[in-house]
Amino acid sequence: MLVRVPLTSSGPLVEASFVARPNQLLVEARLGARLVRAHMADRGRLLDLLTPGARLLLAPRDELGRKTAFQVVGVYSHDELVSLDTQLPNQLVASALAAGALPQFARYTRVQREVTVGEHRIDFRLGEGLAACLLEVKSVGKLVNGLACFPDAPTERGRAHLELLAKVARSGQRCAVLFVIQRHSARAFVPDDLIDPEFGRALRHAINCGVELYAYLCPLTPEGLTLGAPVPVFGSLEAAPALPTRP
């Protein structure tokens with residue numbers, strides 16, 4: 001079953017080359033002879049991806065009131081297209097849930113998005129009452145020696161989500177985190193303890209409290225983001241088996 005969400009609904013994509021990132025939300029790019037500005041939805045550091053001259057995919061945006069004419073939707077890492085739209089993973093998971101393409105959640109017929117739990121918002125609540133499952137989705141774009149790594153920058157929000165899910169799981173309710181790896185070449189997922197050791201500790205605590213962790217390869221093409229195969233999730237780099245470095 002093919003589950004895919006398009007990169008854009010606003011017109012044909014254009015290719016440009018990365019010039020600079022003045023702030024988290026703005027990218028400057030060379031489009032032909034023009035220097036253009038594009039909105040960036042991914043607030044990660046992306047230092048391994050946004051290198052001088054990197055090939056970007058931009059989507060045109062002409063909504064009233066916008067300060068930029070384009071949206072950055074992807075960047076090429078060698079020959080691999082990597083998504084830079086952090087909203088796509090939730091759209092993909094919503095489509096996958098509706099299609100019954102995630103077998104571990106197939107029994108739930110009711111899906112609620114953006115539910116408030118305590119002081120936080122969780123991406124999905126599946127089912128109802130005590131039998132419900134809280135599901136949080138995280139977007140992953142960083143790849144190191146064949147391992148998908150998260151986060152790309154310290155994330156207090158991500159840590160807080162894990163702590164909340166751990167607390168809820170201890171009370172007996174089902175909780176899960178699904179890491180959408182927006183690439184095709186990762187062979188496993190690990191938390192990046194060098195970038196954010198607190199997130200790594202919170203992840204391992206969540207595992208011990210019964211929070212379920214899943215990760216899926218979700219390859220990207222100009223046609224869209226596609227739900228691919230699951231890959232193993234490890235609580236730390238030390239727990240992951242040795243993987244040969246790709247040439």
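I counted 4 aromatic pairs in this model. My pairing rule took rings of Phe, Tyr and Trp (its six-membered ring) with centres within 6.5 Å; planes under 30 degrees apart count as stacked, over 60 as edge-to-face and the rest as tilted.

I looked at F150 and F199 next. They make an edge-to-face pair, with 5.2 Å centre to centre and 65° between the planes. The pair links distant parts of the chain, since F150 lies in strand 12 (residues 147-150) and F199 in helix 3 (residues 197-208), 49 residues apart. I took helices (H or I, at least four residues) and strands (E, at least two) as DSSP runs, numbered from the N terminus. F150 and F199 are both buried. Buried means under 20% relative accessible area, exposed over 50%, partly exposed in between (1.4 Å probe, protein chains only).

Before going on, I noted the source. The model is predicted: local features need pLDDT of at least 70, side-chain atom pairs count only at pLDDT 80 or more, and totals for chains, interfaces and linings use all residues. Residues are numbered from 1 along each chain as its sequence is written, and side-chain values use heavy atoms, with hydrogens and water left out.

F179 is buried, at 0% relative accessibility. F189 is buried too, at 0%. One aromatic cluster is formed by F150, F179, F189 and F199.

I then followed strand 14. A188 and V190 point one way, F189 and P191 the other, and all are buried. Strands 12 and 14 run parallel, joined by 4 bridges. I needed at least two DSSP bridges between two strands to call them paired. A148 stands opposite F189 of strand 14.

Which strands form the open sheet, and in what order? I found 3 strands in the order 1-17-16, with antiparallel pairing. Strand 1 (4-5) and strand 16 (220-221) stand at the edges with a single partner strand each, so one side of each has no neighbour in the sheet. Strand 16 is joined to strand 17 (residues 224-226) by 2 bridges, and the two run antiparallel. T221 has G224 in strand 17 as its bridge partner.

Last, I checked R55. Its charged end sits over the ring of Y76, 3.9 Å from the ring centre. The rule asks for NZ of Lys or CZ of Arg within 6 Å of the ring centre and within 35 degrees of the ring normal.
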